[in-house]
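Here is a short briefing on one protein chain. Keep the sequence and the 3D view open as you read.

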Amino acid sequence: MDTKELTRWVKPPQVELEPPLLQPNPKNWIWLLLIAATGIFAAINWEDYVVEKDGKLELAPKRKAKLKKELNEIDNAVQYALIARTAGEYPCLNCGNRKTIYLNVGDVWKYGTTRLGENGRYKSDPIDDRLRFLPEFAGNYAECLKMEKIKIYNYVLLPENQKRKSPIIRPPGNPYDI
């Protein structure tokens, strides 16, 4: 048999034109996550959190200042009431089917606690102009939270609530007991 005759009998190999689909491999995902985590960790500026002083690690000055500020806020909180400045309909967050409730001047709409004062507490979500921020108790954050809880629970007994046709169990602006 010569070469020409041989090539007639032997078929050339089939070549795939499209690459095979790669199946996801869990090991690949682990490596990708590890690389991403390393990148994120490397992006954190360590000096913003920790500095070396006299051969010892300690908090960076900005971090120390932030801690001091937050501890001071915890020690100097305020329990407050939001009081109606004008008589009229106000939103009621716990009146069942009714969406509003009538308040007289001086009626409580909400009790709350803040570590930031009126301007800090309501900076991003200003209070209704018809309400007045009235500090009622100052102390540490835990003491203020206790006072707030006492006021919310006892609201049901206030004369302003008792004179309503349908008294409510907490101030209109407090949807929960705390």
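Glu-52 stands opposite Leu-57, a residue of strand E2. This is a predicted model.

- Strand E1 covers residues 50–53, and strand E2 covers residues 56–59.
- E1 and E2 pair in the antiparallel sense. Their pairing runs over 4 bridges.
- The hairpin has 2 residues between the strands.
- Asp-54 sits in the loop between E1 and E2.
- Most residues other than glycine have a negative phi. Asp-54 is not glycine, yet its phi is positive, near 55°.
- Is Asp-54 buried or exposed? Asp-54 has a relative accessible area of 77%, so it counts as exposed, the cut-off being over 50%.

**Helix H5**

- Helix H5 takes in residues 141–154, which makes 14 residues.
- How far apart are the end C-alpha atoms of H5? They are 20 Å apart. At 1.5 Å a residue, H5 should span 20 Å, so the two values agree.
- At the start of H5, Asn-140 points a side-chain oxygen at the backbone nitrogen of Ala-142. These two atoms lie within 3.0 Å of each other.
- Which residues are buried in H5? Cys-144, Glu-148 and Ile-152 are buried there.
- Those three cover an arc of only 70° around the axis, so they lie on the same side of H5.
- An α-helix has 3.6 residues a turn, so residues three or four places apart point the same way.

**The whole chain**

- How many helices and strands does the protein chain have? The protein chain has 6 helices and 7 strands.
- From the N terminus on, the order of elements is α-α-β-β-α-β-β-β-β-α-β-α-α.
- The protein chain has 178 residues, and buried residues make up 24% of them.
- Take the contacts with a separation of 6 or more: residues 24 or more positions apart account for 62% of these.
- The protein chain exposes about 13,900 Å². Carbon and sulfur atoms supply 60% of that area.

Notes: Residues are numbered from 1 along each chain as its sequence is written. This is a predicted model: local features need pLDDT of at least 70, side-chain atom pairs count only at pLDDT 80 or more; totals for chains, interfaces and linings use all residues. Side-chain values use heavy atoms; hydrogens and water are left out. Buried means under 20% relative accessible area, exposed over 50%, partly exposed in between (1.4 Å probe, protein chains only). Contact means heavy atoms within 4.5 Å. Accessible areas come from the Shrake-Rupley method with a 1.4 Å probe; for residues, only the protein chains shown count as cover. The expected span of a helix is 1.5 Å times one less than its number of residues. The arc is that of the directions from the helix axis to the C-beta atoms. A polar contact is a pair of N or O atoms within 3.5 Å; within protein, one must be able to donate a hydrogen and the other to accept it, and residues adjacent in sequence count only if both atoms are side-chain atoms. Two strands pair if DSSP finds at least two bridges between them.
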